[in-house]
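Thanks for coming. I have one structure to show today, and I will keep to what can be read from it.

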Amino acid sequence: MRLTLVFSSIGRLLIIIGGCMLFPLLWSLYYQESHVLAIICAMLITLLAGSIMTFLFKSKETIRQREGFAIVTLGWIFASAFGSLPYLFSGTFTSFTDAFFETMSGFTTTGASIITDFETLSYGIMFWRCMTHWLGGMGIILLFVALLSQMGGGGLQMFKAEAPGGNLAEKIKPRIQESAKILWITYVLLSGILTVLLLCGGMNFFDALCHAFGTMATGGFSTKNLNIGYYESPYIQWVLIIFMFIAGTNLALYYQAIMKRNNSFWQNEEFRLYLLIALSSVALIFFNLILSKPWGVEVTARTAAFQAISMLTTTGFATADYNQWPVFSQILLILLMFVGGCSGSTGGSIKVGRLLILMKHTAVEIFRLIHPRSVKFIKIDNKTVPESIVINVLQFFFLYIMVFFMGTAMMGALGLSIIEAMTSVIASLCNVGFGLGDVGPTGSFAFIPPAGKWVLSFLMLLGRLEIYTVLVLFLPDVWKK
Amino acid sequence: MKAIIIGAGKVGFSIAQMLSFEGHDVVVIDRSTERLKTIDEHLDVQVVSGNGASVSVLKEAGVTEADLLAAVTELDELNIVSCIVARSLGVKRTIARVRNPEYVDLDKNTSKEALGIDLIINPERVTAMEIAKLATNAEAQVVEFFANGKIQLLEFEITSQNPIPDKELKDLNCPYPFLIVAILRNGKVIIPKGNDKIKFGDMIFILAQTKDMKDVERFFGQRRIKLENVVILGGGRIGYYLAQQLELRHINVKIIEKNLTRCQFLADNLNRTLVINGDGADLQLLEDENVGATDLFVALTGDDKLNILVSLLAKHLGTKKTIAQIRRSDYNPLVEKVGIDRVVSPRKLTAGAILAFVRKGKIISVTLLDDAGAEISELIVPETYRHSGKALKDVDFPSGAIVGGLMRENKVIVPRGHDIIIPGDRVIVFTLPNSTQKVQRFFS
């Protein structure tokens with residue numbers, strides 16, 4: 001591992017993060033808030049730290065695989081550490097633990113929050129909070145790759161280490177920088193469209209932008225205490241349902257559908273399964289709710305669709321307190337959290353593509369019992385999935401479940417009830433942001449002891465970077481010269 | 001016409017034979033003097049020893065005044081290069097045998113012209129297409145389509161299960177027009193007249209509109225077999241192409257192949273086909289894979305004896321129909337007697353396709369009917385046709401031939417004696433070998 005190379009990249013990453021703090025600063029200046037100074041300080045310190053690191057560690061070498069992993073993982077940790085400065089300087093949080101948790105939750109698009117009263121936050125801080133979502137959604141490293149050239153082959157390593165869906169995600173252009181740019185442009189355009197649609201629904205510009213950030217990144221931070229429940233307009237809720245679904249699809253598909261004018265959505269097996277899961281889960285929850293709640297058809301349909309899509313895409317917006325829902329719906333919502341969006345989306349969790357491979361592999365294994373001599377491969381979109389990827393996915397599933405149980409055990413040891421321990425771990429690992437009970441849509445993560453917050457922060461990082469990228473750094477070999 | 005054939009293998013031999021019988025000048029080029037010797041002994045052709053892609057050898061063979069060059073060696077690349085060289089030396093038409101689909105499937109419009117090859121023929125693909133055609137009408141021995149698929153020819157056997165009326169042909173009252181163009185009785189081909197009768201054990205060749213064929217078959221008591229399951233033994237090129245074709249027709253396919261790497265290739269490239277890695281001669285495997293319950297078993301390994309043996313095994317286990325690939329054509333008449341329903345030979349089919357191309361011009365297609373030794377050609381009646389407007393019964397149509405179908409302005413006519421032929425019609429003619437020339441003269 002060539003640490004100079006790693007730190008020089010992280011230094012440049014910090015400069016980008018610092019630069020992004022300009023946007024909350026502008027909002028703060030516009031509203032003439034007292035937090036202007038705090039944000040300026042945070043910005044200057046981040047920029048300074050970044051510049052010093054870039055200056056100290058100069059390197060022209062190409063990034064290799066192991067450095068790629070280190071840059072991505074450490075990059076996310078550094079970004080979260082410096083990203084928590086605005087909270088600390090403005091006094092939003094007094095402890096670094098809380099500030100780090102909130103920032104990590106933002107960057108990883110988890111949306112779990114410690115703040116209990118959002119409406120007292122200043123505009124600048126509020127905007128920074130939503131902005132961390134938006135930056136993390138498409139990937140801060142991907143932004144870094146898109147903005148800075150001369151990455152060589154290392155860009156691809158970092159792209160793969162960070163991209164949701166890991167090695168299932170494909171490059172859409174021969175050059176990684178071009179791919180990164182296209183993904184970011186798609187992302188920015190969709191966010192822009194959503195903002196306009198929300199403005200049409202009567203939101204003010206600030207809230208529309210913040211909610212567009214939270215939706216497109218499948219994050220879940222809102223500017224309101226009641227979350228989306230604050231907006232009773234069916235229009236806004238339906239728009240958000242549609243855009244949460246859009247954010248959970250492979251963003252490369254939009255580019256292909258527009259540029260190549262082919263029917264890339266229907267040809268994509270993962271998308272078809274994603275749609276099927278979404279529709280069937282909405283239907284099941286709808287029928288479960290309509291029998292037990294006196295809400296009327298439209299409200300029930302909207303609430304069921306909103307909550308199911310929100311959990312499926314791991315956004316974590318809420319329009320209702322599902323702690324009051326029938327148990328069947330609650331269990332379905334938890335199962336949906338484990339599904340997540342498509343590979344190449346901004347959603348978290350296991351991903352539909354991996355589930356597709358797991359399901360097909362199961363079918364093949366059972367089939368082999370009857371036809372032991374058959375030679376059969378798993379095919380997705382009529383292309384054979386290489387054996388190595390199948391094993392990788394099986395291994396990933398095992399690790400995911402292991403991490404889930406170990407995390408639950410740790411949270412239990414810190415004194416949480418079994419429901420809260422399990423769901424707080426799911427909420428963090430799958431980057432959803434809400435669980436059941438006290439960590440549900442009406443509660444917050446404030447009551448969790450500091451050690452628990454660190455555990456959960458780590459789980460968010462594990463979940464966002466899809467385990468392998470983080471775990472590989474625990475191999476001593478990686479750090480050897 | 002003067003033709004040069006490069007490659008004196010099985011296909012080369014067949015083409016040389018056919019062209020020579022038709023009275024063309026044939027020169028065969030091959031590297032192996034041994035193979036040339038065999039040809040020289042059996043056929044009335046000239047032989048030249050050497051590399052078919054070499055200019056001096058081609059010149060020695062008289063390439064400059066040749067009308068046709070067919071490169072049919074084992075090597076795709078050599079065939080392609082030979083055609084390019086010969087074209088530059090002034091040959092009018094070129095044919096290349098190319099088996100690797102990667103050379104052929106590039107772009108159907110451009111690659112052939114760019115290479116200067118008029119016909120690229122892939123024997124394995126031709127064979128697979130032929131078997132796929134048979135698979136769609138599994139009850140028939142021969143299936144052919146004419147006039148863009150609007151007219152169909154079937155050959156099937158009249159067995160004791162077909163309750164045919166004991167009537168003369170002209171008295172058969174079927175609501176759907178059809179024509180029996182030939183009857184194969186005791187190894188002899190009869191072109192039937194109105195007063196002939198059908199007997200048990202006859203193989204009949206029937207022409208009818210494709211959309212009526214189902215009802216015509218029912219009229220003769222022939223039941224259509226609906227193919228659902230097919231087992232292919234041998235995952236070579238033919239097996240691979242055949243599986244692709246059957247997949248398109250939504251038929252369940254199993255391929256049994258010995259070689260594991262080949263199995264992996266097949267599993268990778270085919271979508272719904274079940275690939276089984278195993279030895280086809282293993283009776284246990286055939287039973288495990290329930291071969292007895294399949295509708296069609298196709299044996300396509302490179303080994304004739306194995307194909308015959310396993311087809312018989314499959315038949316014994318209960319397979320409804322079996323098709324075997326036999327490369328040595330001298331076996332053919334024997335094999336169908338043993339109980340294998342149908343034999344295909346890539347070499348024969350290739351030769352047929354090349355022959356059709358050679359005769360091209362007015363003739364659209366020529367199909368060789370193996371067991372009858374006859375052929376069916378489809379042609380467009382030229383402006384110079386002498387008997388225009390005369391009823392068929394009044395013209396002196398060559399004996400040993402019969403007009404089986406007509407298409408005029410997209411309308412199909414199953415001809416009777418009072419029908420007329422006018423220039424521009426598409427006619428489908430069934431011809432016995434010795435009448436080919438007469439028929440060509442009749443329509444000139």
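This is a predicted model: local features need pLDDT of at least 70, side-chain atom pairs count only at pLDDT 80 or more; totals for chains, interfaces and linings use all residues.

The predictor gives the complex an ipTM of 0.72 and a pTM of 0.79. For chain B the mean pLDDT is 83, and 93% of its residues reach 70 or more.

Now chain B as a whole. It has 15 helices and 22 strands. Its radius of gyration is 23 Å, close to the 22 Å that the globule rule gives for 444 residues, so chain B is as compact as a globular protein of that length. Along the principal axes, the C-alpha atoms of chain B fill a box of roughly 65 × 65 × 40 Å. Of the 444 residues of chain B, 45% count as buried. Take the contacts in chain B between residues at least 6 apart in sequence: 61% of these join residues at least 24 apart.

Which strands form it, and in what order? There are 7 strands in an open sheet, and the order is β1(A)-β14(B)-β13(B)-β12(B)-β15(B)-β16(B)-β17(B), with mixed pairing. At the edges stand β1 (374–375) of chain A and β17 of chain B; each has a single partner strand, so one side of each is left without a neighbour in the sheet.

Look at the chain A end of that order. β1(A) runs antiparallel to strand β14 (residues 274–277) of chain B, and 2 bridges join them. V375(A) has V275(B) as its bridge partner in β14(B).

What does β16(B) pair with? On one hand there is strand β15 (residues 296–299) of chain B, parallel to β16(B) over 4 bridges. Within that pair, A299(B) stands opposite A324(B). The chain gets from β15(B) to β16(B) through helix α12 (residues 304–317) of chain B, and this β-α-β crossover is right-handed. On the other hand there is strand β17 (residues 342–344) of chain B, also parallel to β16(B), over 3 bridges. There, Q325(B) has V344(B) as its bridge partner.

Last, one residue in chain A. M126(A) sits in helix α7 (residues 123–138) of chain A. Why does M126(A) count as buried? Because it has 24 C-beta neighbours inside 10 Å, and the cut-off for buried is 20 or more. Leaving out residues up to four places away in sequence, M126(A) touches L121(A), C210(A) and T223(A). M126(A) and W27(A) are 99 residues apart in sequence, while their C-alpha atoms are 9.6 Å apart in space.

That is the end of my part.

Note on methods. Residues are numbered from 1 along each chain as its sequence is written. Chains are lettered from A and ligands numbered from 1 in the order in which they are written. Two strands pair if DSSP finds at least two bridges between them. A crossover is right-handed if, with the strands pointing away from the viewer, the path from the first strand over the helix to the second runs clockwise. The radius of gyration is taken over C-alpha atoms; the globule rule is 2.2 Å times the number of residues to the power 0.38. A residue is buried if 20 or more other C-beta atoms lie within 10 Å of its own, exposed if 12 or fewer, and partly exposed in between; C-beta atoms are placed from the backbone. Two residues are in contact if their C-beta atoms, placed from the backbone, lie within 7 Å. pLDDT is the predictor's confidence in each residue, from 0 to 100.
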